[in-house]
Amino acid sequence: MATTHDSAASTTPAIVGLESTYADTLSALAVPWQGADAPNPRLLILNEELAESLGLDVKALRSDDGVRVLSGASAPGGSRPVAMAYAGHQFGGYTPLLGDGRALLLGEVVSDNRRLDLHLKGSGPTPFSRGGDGFAAVGPMLREYLVSEAMHALGIPTTRSLSVVATGRDIRRTGAEPGAVLARVAASHLRVGTFEFAVRQGEVLQPLADYAVARHYPALTELPTDQRYLAFFEAVVEAQAALVAQWMLAGFVHGVMNTDNTTISGQTIDYGPCAFIDAFDPAAVFSSIDQGARYAFGNQPAVLKWNLARLAETLLTLINSTPDDAISAVSAVLDSFDGRFQRHYSAGMSAKLGVAGETIDPALIDDLLALMKTHGADWTGTFRALASELRGETTALDALIPREQIGSWLTSWRSELARYDRDDAADAMDAVNPLYIPRNHQLDAALKAATDGDLAPFEKLLEIVTHPFDRRDDWADYAAPAPPVFSESFQTFCGT
């Protein structure tokens, strides 16, 4: 793609040493581009810990030049920003060309033998904007910042957030809203949708697959080509099975699980209409655009498997020259997804219920979830209440599920703990079950305040959710579920 966008924006030394292996290797999947000017860029938040871990100069990032780079108005010195091309299935329907409609890949940071993308979101229109303005609002960008950092603190593979810069430009959504740009860091931005685009471009497919293998699964480069690409597909299936199990264990609803939001690395990406469930309900949907509940909480494993089937289709010609043999090979791997997911999920639930390293009776899990659904019990709070129950503190659990309903289950559970001799179960449960998550009512309030210019509620919530296991008395309100009236009516929006 040879289109370029001329800009008078000067380069700056605020970020130096970025590499561009993606753009250099896969130029057919990228358009050189420059972000839009920002009338009055102002740094709202900077992740200094992340910046330092990447070897970036925090003082330089906070300078005027640094803020312009983080806004997209200036390119880092020596870098060649690009808008990335990809396709995707959105809510099941195929779109042959999506791409970075409001984003730019600035380049790659190499730190501690890790190659990581530095990427902007909301930096203005690109050739892939499809009629959109290419900008983003303060609220959605702060949402992605906070939720991605909370996910990282929970140990869930995710892109990370480096900064949010207010641009000084109002954008039009339901009304005028202050514009902003998010800078995020990812293992890469290779997606299932990247392969869906490349397979229709012909010769670029194998270079893309080789690049993905070398970047994310380098041990597979030692395999002969007649084994490498099937092994690559299996590695992605495993990474994604593990990821979606972690989502389910944390009560996380992605909200827009299109194939262009399914990474090859196994990281969570794109926090548009995401949410965490309060009252347990497998049918929980928060996204305003998911009218058919395709991406409901309980549907996520099946949707992920469907997305991986779309990846498999793109790899058939690389896996075997005989179509029937290639289909048989990828189908066998795809069929292993359910078992892989169940192993990760069962191991996680065993840990959440105090028997980490063992396989808890599946009936115990099913019976507990049935009780939680019947009584609308808070997902996060229930597991903490069970640990308190083991310490003789019954109040928290009694507030969630009537004692006469859960009594027999508790007896069976205690028998399971005794079978594995887990006297330390309560402490072990507290180590894996968070007290604090980005609860929807609290995050919604913090984002509304930030949009109006008050960042204090956002900053406090960020501190709390990035310390999800640290009990503090003055944070008690942040462990409480949302009022029922809020949960019943709450919706999230993509922010596009």
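Predicted model: local features only at pLDDT ≥ 70, side-chain atom pairs only at ≥ 80, totals over all residues.
Residues are numbered from 1 along each chain as its sequence is written, and side-chain values rest on heavy atoms, with hydrogens and water left out.

The protein chain contains 19 helices and 11 strands; helices (H or I, at least four residues) and strands (E, at least two) are DSSP runs numbered from the N terminus. Along the principal axes, the C-alpha atoms fill a box of roughly 70 × 60 × 40 Å. The radius of gyration, taken over C-alpha atoms, is compared here with a globule rule of 2.2 Å times the number of residues to the power 0.38. For 496 residues a compact globule would have a value near 23 Å, and the protein chain, at 23 Å, agrees with this. Of the 496 residues, 58% count as buried. Buried means under 20% relative accessible area, exposed means over 50%, and partly exposed lies in between (1.4 Å probe, protein chains only). The protein chain exposes about 19,600 Å², of which carbon and sulfur atoms supply 50%; accessible areas come from the Shrake-Rupley method with a 1.4 Å probe, and for residues only the protein chains shown count as cover. A contact is defined as heavy atoms within 4.5 Å. Among contacts in the protein chain with a separation of 6 or more, 73% are between residues 24 or more positions apart.

Annotated positions were taken from UniProt; they are given in the numbering used here, feature names are shortened, and annotations may be inferred rather than shown by experiment. The unreviewed entry places the feature "active site" at D260. D260 is found in the loop between β10 (252–253) and β11 (275–276). D260 counts as buried because its relative accessible area is 7%. Leaving out residues up to four places away in sequence, D260 touches Y86, A87, G88, H89, Q90, L98, R191 and G193.

The annotation "binding site", also from an unreviewed UniProt entry, covers N261 and D270. N261 lies in the loop between β10 and β11, and D270 is found in the loop between β10 and β11 as well. N261 is buried, with a relative accessible area of 8%, and D270 is likewise buried, at 19% relative accessibility. Beyond four places in sequence, N261 touches R191, H254, V256, I269 and D270. With neighbours within four places set aside, D270 is in contact with K121, E144, R184, H254 and N261.

Helix α11 covers residues 337–352, 16 residues in total. From its first C-alpha to its last, α11 reaches 22 Å, close to the 22 Å expected at 1.5 Å a residue; the expected span is 1.5 Å times one less than the number of residues. The buried residues of α11 are F337, R340, F341, Y345, S346, G348, M349, S350, A351 and K352. These buried residues pack against α8 (225–250), α9, α10 (323–335), α12 (362–375), α13 (379–390) and α16 (425–432). After α11 comes G354, with a positive phi near 95°.

A salt bridge is counted when a side-chain nitrogen of Lys or Arg lies within 4 Å of a carboxyl oxygen of Asp or Glu. By this rule there are 30 salt bridges. One of them joins E313 and R310, with N to O at 2.7 Å. Both residues lie in helix α9 (residues 300–319), three residues apart, about one turn of the helix. An α-helix has 3.6 residues a turn, so residues three or four places apart point the same way. E313 is partly exposed, with a relative accessible area of 44%, whereas R310 is buried at 13%.

A further salt bridge links R403 and D398, again with an N to O value of 2.7 Å. R403 is partly exposed at 30% relative accessible area, and D398 counts as partly exposed at 37%. K448 forms a salt bridge with D444, the closest N and O atoms being 3.4 Å apart. Helix α17 (residues 440–451) holds both K448 and D444, four residues apart, about one turn of the helix. K448 is exposed, with a relative accessible area of 52%. Elsewhere, salt bridges that share partners join E19, E108, R115, D117 and R215 into one network.
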